[in-house]
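Visitor: I've got a structure to look over and would like a quick tour of its helix packing and its pockets. Could you walk me through it?

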Amino acid sequence: MASSSSTSPVFLLLCFFTFFLLCNGNPFRSYHHPRHSRFASHNYRDALTKSILFFEGQRSGKLPANQRVSWRKDSGLSDGAQAHVDLVGGYYDAGDNVKFGFPMAFTTTMLSWSVIEFGGLMKGELQHAKQAVRWGTDYLLKATAHPDTIYVQVGDAQKDHACWERPEDMDTPRSVFKVDKNTPGTEVAAETAAALAAASMVFRRSDRAYSRVLISRAIRVFEFADKYRGTYSDGLKSYVCPFYCSYSGYQDELLWGAAWLHRATRNPMYLNYIQRNGQVLGASEEDFTFGWDNKHVGARILLSKSFLVQRMQGLHEYKSHSDNFICSLVPGAPFSTAQYTPGGLLFKMSDDNMQYVTSTSFLLLTYAKYLKRSRMTVSCGGTVVTARTLRSIAKKQVDYLLGTNPKKMSYMVGYGPNYPKRIHHRGASLPSITSHPQKITCSAGFDFMNTESPNPNVHVGAIVGGPDLHDNFPDERSDYEQSEPSTYINAPLVGALAYLAHSYGQL
C-alpha cells in the first residue's frame, strides 16, 4: 500500500490543468466562431428551432409523414393542372394562399445562404434547415422543368385576397402564370437561378446527385434570364402587382444570380461576366435596402468574400461597396444614413419592416465573418469599424425582435411570454381541419378574421412585420403591414440565430 504522503506527478498535472480550465475556459475552442462568456440575452437556440419550424406551417402540397405542424393538412394538390403541369408543393409566401415564385425563390436563396455560412453551427437543426431548403427547391425544379419557361405564380391574388379561407378549403381559381421568351421575367428567372445555385452548395456533400441537378438547372435558368431580358412586372402586371412588383428592375438579380453561380461553380465565365457587366448592373449604386426586390447589397457582400477570403483582386471594388453599406448602418459614424426607432430597431419602411431587420442582421454577421477571416476592418471616414462592432449591431437587432424592446414583446410567435396573438394569417386564424372538419367558405371566414380573439392555431416561429417607427404594435389581425408573417422574414434570421446560439454556448 502506497504512502499517503506521496502524490503522483501525473495526478498533480491533471489537477493543475483542470484548475486552469475552470479559471480560463477551454483554450481549444473555435477561433472562427468565438463564444461569449457573458450571459446571453435570449435563448437563441429555442428561437432557431422555432424559426425553422415556421416553414412547415407555410407548406403547400402533400405533407410528409414527419410534418410537425399538426394543424396544417394537405392543400393545393391540383396546382398546375390548369396548365397541364405539376406545380404541387412549395410555400405560401405569407398569410394568404397564393404561391408567388419571386419571393419563394428569394426565400430559398436566403435559407441556403444561412446554411452555407452557419450550417456547421446548427447541430440538430441542420437537417430541419436543409429540409426547408429542399421543400423550396423541389418546387422550383418543377417550375423550371420546361426550357425557357418558368412558372412564377399559382393562384389569382386578387380573388384569393377577397376570401378568408384555410389553404385546405380554398376554392378560388388556381390560375397559373409563367414567363417565357415572349413574356420575359429576368428578375424572377435570375433569382430562381440564384436559389438553385445556392442550394446546390447546401447538398453538395449530403446528396451529390441532387446537387448536380440543382446546379445544372441553375445554369440553364440563368442563361434564359440573361438572354431574354425584360421585367415580369410588365407582362404579368395585373397579376403580380401590387403584391410583388419588381420596383428595382432586373439588373440587381442578374448580378446576384451571376454571383451565386460564380460561387457555386467557380467557373471563370461568371467572374468574367461580373467584371464585364458589374457597373451596368448597378454594382456601385448606393441602394442600401436588401430584400425580396433589391439584391444589390447582398450581391456586394457575397462577392466581397472572393476578394477578402480568396484574394481575387479583380473583385476588390466589392469590398468598398460593402463598406459603404456598413457605414450607412453604424449609428453616429460618418456617412450613417440608417433610421432607427427610439427603441433601437432599424426602420426602413412601414410595410413588413422586419424583413429588412433580419436580412440586414444576416449580412452584418456574414460580413463580420469575412472580415475576421481576412483580418480586415471597415473605415467609415475616420472611424474604424471592426467585425466585433458588426456583430454587436446585429445582436441588438435580433434581441429587439425577440423581446428586448420598449413593449417587451417578442415579434416571433411562440417565443417568450409575450408575442403577437392575432397575426394576419388565414390558416392560423381559422379553426384547424381537425377541430372543425366542416368547410369554412370564402365569406364565412371573415367572421373569424374580424374577431378580437387570439388565433386558435399558434403559428410557432412566425415573425410579423413588426412595430412602427415609434415602437408601437397594435396586434390587430387586419393590420397586414405590421401583423403578417412571411417566409422571407424568417429565412435570413435562421443563419443569424445559429451564429448567436453557438456564440453563447447554446449549440
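Visitor: At roughly what angle do the axes of helix H3 and helix H4 cross?

Guide: Keep in mind that this is a predicted model. H3 covers residues 101–118 and H4 covers residues 126–143. Their axes come within 9 Å, and the crossing angle is roughly 150°.

Visitor: Which hand does the crossing of H3 and H4 have, and how many charged residues are in the contact?

Guide: The crossing is left-handed. On the H3 side you'll find Met104, Ala105, Thr108, Leu111, Ser112 and Val115, while H4 brings a set including Leu126, Lys130, Gly136 and Tyr139. Sorted by class, that contact has ten nonpolar and four polar residues, and the charged count is one.

Visitor: How is H13 oriented relative to H14?

Guide: H13 spans residues 317–329 and H14 spans 354–374, with axes that come within 12 Å. They cross at roughly 130°, and the crossing is left-handed. That angle is why H13 counts, relative to H14, as oblique.

Visitor: Which residues of H14 does H13 meet?

Guide: From H13, the residues involved are Lys319, Ser322, Asp323, Phe325, Ile326 and Leu329. By class, the whole contact comes to seven nonpolar, two polar and two charged residues. Across from H13, the H14 partners are Thr360, Leu363, Leu364, Tyr367 and Leu371.

Visitor: On to the pockets: which element gives the largest share of the lining of the largest pocket?

Guide: That pocket holds about 740 Å³ of space. It's lined by 25 residues, with Ile116, Met201, Arg204, Arg205 and Arg263 nearest its centre. Elements giving two or more residues to the lining include H3, H4, H6 and H10. The largest share is four residues, and it comes from H12.

Visitor: How many residues of that lining are charged?

Guide: Split by class, the lining of the largest pocket has ten nonpolar and six polar residues. The charged ones number nine.

Visitor: What is the volume of the second largest pocket?

Guide: Look for Phe243, Tyr244, Asp351, Tyr480 and Glu484, which lie nearest its centre among 24 lining residues. H14 and helix H18 (480–483) each supply at least two residues of that lining, and its classes are 13 nonpolar, four polar and seven charged. The volume of the second largest pocket is about 580 Å³.

Conventions. Residues numbered from 1 in each chain as written. Predicted model: local features only at pLDDT ≥ 70, side-chain atom pairs only at ≥ 80, totals over all residues. Heavy atoms only, no water. Axes fitted to C-alpha atoms, helices over the stretch in contact; angles between N-to-C directions. Left-handed = near helix turned anticlockwise from the far one by under 90°. Contact = heavy atoms within 4.5 Å. Nonpolar A, V, L, I, M, F, W, Y, C, P; charged D, E, K, R; others polar. Parallel < 35°, antiparallel > 145°, perpendicular 65-115°, else oblique. 1 Å grid on protein atoms, 1.4 Å probe; cavity = no way out; pocket = protein on both sides within 12 Å on 5 of 7 lines; lining within 4 Å. Points joined across faces, edges and corners; volume = space filled by probe spheres on them.
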